Amino acid sequence: MTTNRVKRYAARALTMTVAACAVTAAITLPASAADQPTRPQLMADCGSGEGKCTFNSPELGEAYLGEFRQVSNSLFNCSTSDATQTMTWDDTVGSTDSLGVSVTAGGKIAGIVDLSITASYSHSWSSTHSESSSLNMTVKPGEVGWISRAQVMQKVSGTWQTHYDSPKWGHYYWFFQDTITSPAKNGTDGKSNAVVVKSRKMTAAEKRSCSEESRKGRSVVQER
């Protein structure tokens with residue numbers, strides 16, 4: 001075989017090898033980020049029922065007392081003596097996932113999580129808790145008082161599995177991790193809900209408001 005013919009065969013072989021490598025790369029390269037679903041898209045499909053979803057391997061964290069939040073109106077004492085009044089309060093605490101999206105009570109997502117936790121821990125799970133009552137509150141002169149409440153909370157972590165009847169974004173199944181924070185039953189892990197009366201000194205603007213003729217020497221309730 002002549003030298004020129006050898007060179008031609010070598011060049012042809014090199015071209016075929018490069019082409020084969022290009023085809024292999026095109027097959028094995030992962031899909032771009034634009035081809036991947038976002039978590040909100042997958043959650044929306046779970047909520048609508050387009051995706052057949054399960055919340056797998058739920059793990060309950062230890063219960064803890066959440067932050068205190070004002071749950072009543074405010075009582076401003078514009079008088080010169082203690083002001084005592086019965087104040088009603090109400091509080092509703094819901095659930096959110098790790099993206100801060102609300103998990104609505106009675107919705108499909110809440111039902112899936114409840115089913116999973118019930119199967120794993122033999123007790124039901126609630127995505128919301130509402131409570132109301134009344135309390136006597138005493139506020140010192142020149143102060144404002146209100147009622148605050150803290151709810152026992154608990155986190156549950158697991159893996160969402162979304163199954164489609166036909167491929168979506170190129171696959172029948174998609175998976176993602178999630179953590180849901182929700183109210184827990186009072187007494188869970190020895191933690192108890194708390195209701196307290198809080199107060200503070202009035203600001204200069206609030207004191208000026210107290211000097212108005214209609215408020216002078218009175219206690220005033222301001223809606224929260």
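1. In this predicted model, the side chains of Asp-91 and Arg-69 make a polar contact at 2.3 Å. A further polar contact, of 2.8 Å, links the side chain of Asp-91 to that of Arg-149.

2. Asp-91 belongs to strand β5, which covers residues 83–93. Its relative accessibility is 4%, so Asp-91 counts as buried, the cut-off being under 20%.

3. Leaving aside residues up to four places away in sequence, Asp-91 touches Arg-69, Val-71, His-129, Ser-130, Glu-131 and Arg-149. Gln-70 lies 21 residues from Asp-91 in sequence, with 8.7 Å between their C-alpha atoms.

4. The structure contains two disulfides.

5. Cys-46 is buried because its relative accessible area is 0%, and Cys-53 is buried because its value is 12%.

6. Cys-78 and Cys-210 form a disulfide as well, their sulfur atoms lying 2.0 Å apart. The pair links distant parts of the chain, 132 residues apart: Cys-78 sits in the loop between β4 (74–77) and β5, and Cys-210 in helix α4 (residues 204–210). The link of Cys-78 and Cys-210 is left-handed, with -65 degrees about the S-S bond. Cys-78 has a relative accessible area of 14% and is therefore buried; Cys-210, at 11% relative accessibility, counts as buried.

Notes. Residues numbered from 1 in each chain as written. Predicted model: local features only at pLDDT ≥ 70, side-chain atom pairs only at ≥ 80, totals over all residues. Heavy atoms only, no water. Helix = DSSP H or I, 4+ residues; strand = E, 2+ residues; numbered from the N terminus. Buried < 20%, exposed > 50% of the residue type's maximum accessible area, 1.4 Å probe, protein only. Contact = heavy atoms within 4.5 Å. Polar contact = N/O pair within 3.5 Å; in protein donor to acceptor, adjacent residues only side chain to side chain. Disulfide = S-S within 2.5 Å.
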